[in-house]
Amino acid sequence: MGKLLRAVRNVTVTAGAIGVAGVWYRKRAERLLSLRAQTVLVTGAGSGIGRLLAIGSAQRGAAHVVVWDIDEYAAQEVVQEILALGVDASYDVVDITSDESVDAAGHTVRERIGSIDFLVNNAGVVTGKAFLDQNHEDVERTFQVNALALYRVTRQFLPGMLNNRFGSVTVISSAAAFTGVARQTDYAASKWAALGFTESLRAEMRHQGHNIHTLSVHPFYVATGMFEGATSPNVLLPILEPNYVADQVFRTLEAGKHQLVLPASASIARWLNILPVPVADRCRDLFGINSTMDHFVGRDEDATA
């Protein structure tokens with residue numbers, strides 16, 4: 001089935017005579033942002049939310065799913081799970097902090113399957129250290145993975161989307177993109193950058209008249225191990241289950257929406273910014289936001305997902 005869907009997808013992006021099935025699939029994708037018969041690439045897809053998004057894309061009938069991860073064994077495992085579903089899949093071992101690694105992998109993907117229809121920038125890293133405990137390498141790595149990699153990776157596949165006049169770029173950001181959090185001076189700042197990247201990319205595509213969709217995702221802490229030890233301050237901000245988050249990402253993406261905040265109550269962080277700073281700070285204290293990282297341990301010394 002995977003090879004058939006991929007063949008149909010390839011027909012839809014080929015100039016000239018296009019079959020009835022090809023037209024139907026492409027129109028359906030444009031109308032509903034359906035992943036069926038489309039190509040999908042997920043970064044950081046070897047574990048956590050990335051793994052669920054890669055497998056979920058296959059379950060939704062993608063023609064081909066590309067798994068990017070720095071861990072080759074993990075990437076292979078995910079590809080095997082996808083192949084077992086009857087969907088084509090491949091992987092590349094990629095260091096998204098390296099221009100050379102991303103350039104080489106991007107070239108390989110284009111040679112192997114052509115353009116990417118749905119790009120999911122999922123890879124992320126967190127140190128969870130207090131400001132004075134962070135060294136320059138900590139901060140640089142956080143920004144390299146969470147922010148600068150968005151430029152490297154998206155640059156590889158946006159030209160193909162523009163050529164096909166169809167495509168979607170998803171960025172997995174964080175609820176921390178809306179408010180500062182203690183022990184997240186590196187992480188929150190990098191996620192603010194990720195939000196700015198996504199919104200500016202959408203603005204530029206609209207301004208230039210391109211039909212390219214963007215989605216920014218802003219979850220509270222997710223129980224993948226990346227934020228092991230982080231706590232929920234109150235019932236309005238529960239620790240999220242990974243399968244729930246992945247399902248909501250797909251629902252939002254396929255609905256053609258542009259932003260997802262999980263849980264919805266986390267949206268209050270955006271509105272705190274319109275209050276006078278002392279009042280907003282007091283509200284954050286009442287919600288317990290700055291105590292959430294007090295017992296953080298992470299997955300390893302530096303947790304990644």
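The model they are read from is a predicted one.

By that rule, the protein has ten helices and nine strands. It is 305 residues long, and 53% of those residues count as buried. The accessible surface comes to about 13,700 Å². Carbon and sulfur atoms supply 56% of that surface.

Start in the loop between strand S6 (167-172) and H7, where Ser173 is found. Is Ser173 buried or exposed? Its relative accessible area is 4%. The cut-off for buried is under 20%, so Ser173 is buried.

Most residues other than glycine have a negative phi. Arg183 has 25% relative accessibility, and therefore counts as partly exposed.

Next comes helix H7 itself (residues 187-207), which packs against helix H6 (residues 136-164). The two axes come within 8 Å and cross at roughly 20 degrees. Angles under 35 degrees count as roughly parallel, so H6 and H7 are roughly parallel to each other. Their crossing is right-handed. On the H6 side, the contact is made by Thr142, Phe143, Asn146, Ala147, Leu150, Tyr151, Thr154, Leu158 and Leu162. On the H7 side, it is made by Tyr187, Ala189, Ser190, Lys191, Ala193, Ala194, Phe197, Leu201 and Met205. By class, the residues of this contact divide into 13 nonpolar, four polar and one charged.

Follow H6 to the loop that joins it to S6. Arg165 has its place there. Arg165 is not a glycine, yet its phi is positive, at about 60 degrees. With a relative accessible area of 66%, Arg165 is exposed, because exposed means over 50%.

H6 has another helix partner. Helix H5 (residues 99-113) packs with H6 at an angle of about 25 degrees, and their axes are 10 Å apart. H5 and H6 are therefore roughly parallel to each other. H5 passes H6 in a right-handed crossing. From H5, the contact takes in Asp99, Val102, Asp103, Gly106, His107, Val109 and Arg110. From H6, it takes in Arg152, Val153, Gln156 and Phe157. What is the make-up of this contact by class? It has four nonpolar, three polar and four charged residues.

Turn now to helix H3 (residues 48-59) and helix H8 (residues 242-254). Their axes come within 9 Å and cross at roughly 50 degrees. H3 and H8 are therefore oblique to each other. Their crossing is right-handed. Ile49, Leu52, Leu53, Gly56 and Ser57 in H3 meet a set of H8 residues: Pro242, Asn243, Val245, Ala246, Val249 and Phe250. The contact of H3 with H8 has eight nonpolar and three polar residues, with no charged ones.

Gln59 also has its place in H3. Gln59 has 56% relative accessibility, and so counts as exposed. From Gln59 to Leu35, the distance is 9.5 Å, C-alpha to C-alpha. In sequence, the two residues are 24 apart.

Pro263 lies in the loop between strand S8 (259-262) and helix H9 (268-272). The peptide bond from Leu262 to Pro263 is cis, with omega near -15 degrees. Most peptide bonds are trans.

Methods. Residues are numbered from 1 along each chain as its sequence is written. This is a predicted model: local features need pLDDT of at least 70, side-chain atom pairs count only at pLDDT 80 or more; totals for chains, interfaces and linings use all residues. Side-chain values use heavy atoms; hydrogens and water are left out. Helices (H or I, at least four residues) and strands (E, at least two) are DSSP runs, numbered from the N terminus. Buried means under 20% relative accessible area, exposed over 50%, partly exposed in between (1.4 Å probe, protein chains only). Accessible areas come from the Shrake-Rupley method with a 1.4 Å probe; for residues, only the protein chains shown count as cover. Axes are lines fitted to C-alpha atoms, for helices over the stretch in contact, and angles run from 0 to 180 degrees between N-to-C directions. Angles under 35 degrees count as roughly parallel, over 145 as roughly antiparallel, 65 to 115 as roughly perpendicular and the rest as oblique. A crossing is left-handed if the near helix is turned anticlockwise from the far one by less than a right angle, and right-handed if clockwise. Contact means heavy atoms within 4.5 Å. Ala, Val, Leu, Ile, Met, Phe, Trp, Tyr, Cys and Pro count as nonpolar, Asp, Glu, Lys and Arg as charged, and the others, Gly among them, as polar.
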